[in-house]
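User: Could you walk me through this model? I'd like to start with the ligand and then jump around a bit.

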Amino acid sequence: MTGRRTVPLVAEGFSIRAARPSDKRGVKALCARIWPDDYVPEVFDDWVRDRRGRLWVAVAAERVIGVAKLTVMGEREAWLHALRVDPDHRKRGVATALLAHRLDRARRLGARVARLDTAEDNVAIHRLMSRNGFRRVERIKYYHARPTSDDPPRLVRARELAEAWRLSRGRLFHEDYVARALARSDIARAIRRRECFAVGPPGRPSAVAIAAAQRRSRWMGRSRLRIRLVAGARSDVRELLVALRGQARVARVDRAGIAPPSELWSVVSAAGYRRRWHEAMDVFERRL
Ligand SMILES: CC(C)(COP(=O)(O)OP(=O)(O)OC[C@H]1O[C@@H](n2cnc3c(N)ncnc32)[C@H](O)[C@@H]1OP(=O)(O)O)[C@@H](O)C(=O)NCCC(=O)NCCS
């Protein structure tokens, strides 16, 4: 694939092609019309070079009227993000075409499943997804808590990898801008980096978490211990989340933060974490 190829016109008056560096201005203007503080212009330079699925634009009369990113991870999972269509060009099938184009591309790159996330109240995307065979697989909300003087949790040891994996397999793993199935290698890497925590006796962890300190950024005003995964029996998860507030103190960050799926919301609350935003995000999935 050259990336410069323009797909056949998918509807009257526009075409889809890979974004070029010179599209930055057009993408920026488009995003500014939708969300003035959109993150897409910030990541444009990285995304336009990213070969894992590419950034795509819909173009009409040489103007960018739509944008969408595809990221294929590992070999089999696709993440669809940053779908935006110019308000003056909506309801004409542009989003549908950008979706179909990326699904087709994802399939050809070997992906077997496609996912995306969107705000729970984004009616347009919810409809677009259900019309295209996606189903909701997860609802997440962001919670955070202040550090405490609780004892931090213990680190998971390398020889506990199998146990940690047994507790956590099957979960979605949220990274910056994407989510994918957790892999055993994610746990192994977190253990090596001393970012995998547990409660429970040595050799038999009853709950595990992956958490790493993040410095403050433009998007996340405060520094935080980002808890990217927590798994295990509910009471042990609660104990671990309390201990991670102690870890936040040790790591000298402002907050411990986690975006758990709905089945963990009550446990996270019980550990003293509070909702940061009321809005939830829904993750949709479709087999390819
Ligand atoms: C959501 C968005 C991408 C849709 O773009 P679009 O080009 O107008 O969408 P399409 O014309 O392809 O519409 C396809 C389907 O989406 C759904 N849809 C689109 N706009 C809708 C709306 N305002 N209300 C309800 N459903 C809507 C419908 O099911 C529609 O099919 P139908 O009209 O035959 O029922 C566009 O409104 C947009 O850019 N919104 C702001 C950015 C955004 O929310 N992005 C998603 C972030 S995850």
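This is a predicted model: local features need pLDDT of at least 70, side-chain atom pairs count only at pLDDT 80 or more; totals for chains, interfaces and linings use all residues.

User: Which residues come nearest to the ligand?

Analyst: Leu83, Val85, Lys91, Thr96 and Asn122 come nearest, out of 20 residues around the ligand, where a residue is near if one of its heavy atoms lies within 4 Å of the molecule.

User: And what polar backbone atoms sit by oxygen atoms of the ligand?

Analyst: A polar backbone atom of valine 85 is 2.8 Å from a ligand oxygen, a backbone N or O atom of alanine 95 lies 3.0 Å from a ligand oxygen, and for a backbone N or O atom of arginine 92 the distance to a ligand oxygen is 3.2 Å.

User: How much of the ligand does the protein bury?

Analyst: The protein buries 80% of the 920 Å² that the ligand exposes when taken alone, with accessible areas from the Shrake-Rupley method and a 1.4 Å probe; for residues, only the protein chains shown count as cover.

User: Which elements give two or more residues to that shell?

Analyst: They are strand 4 (77–85), helix 3 (94–108), strand 5 (113–119) and helix 4 (123–131), and helix 4 gives the largest share, with 5 residues. Helices (H or I, at least four residues) and strands (E, at least two) are DSSP runs numbered from the N terminus.

User: What's the make-up of the shell, nonpolar, polar and charged?

Analyst: The shell divides into 9 nonpolar, 7 charged and 4 polar residues; Ala, Val, Leu, Ile, Met, Phe, Trp, Tyr, Cys and Pro count as nonpolar, Asp, Glu, Lys and Arg as charged, and the others, Gly among them, as polar.

User: What about lysine 69, buried or exposed?

Analyst: Lysine 69, placed in strand 3, counts as buried at 0% relative accessibility. The side chain of lysine 69 makes a polar contact of 3.0 Å with the side chain of threonine 71, a polar contact being a pair of N or O atoms within 3.5 Å, of which, within protein, one must be able to donate a hydrogen and the other to accept it, and residues adjacent in sequence count only if both atoms are side-chain atoms.

User: Where is glutamate 62?

Analyst: Glutamate 62 sits in the loop between strand 2 (55–60) and strand 3 (63–73), has a positive phi of about 65° although it is not a glycine, and counts as exposed at 80% relative accessibility.

User: Last one: how many disulfides does the structure hold?

Analyst: The structure holds 0 disulfides, a disulfide being a pair of cysteine sulfur atoms within 2.5 Å. Cysteine 31 is buried, with a relative accessible area of 1%, and for cysteine 196, also buried, the value is 1%.

Key
Residues are numbered from 1 along each chain as its sequence is written. Side-chain values use heavy atoms; hydrogens and water are left out. Buried means under 20% relative accessible area, exposed over 50%, partly exposed in between (1.4 Å probe, protein chains only).
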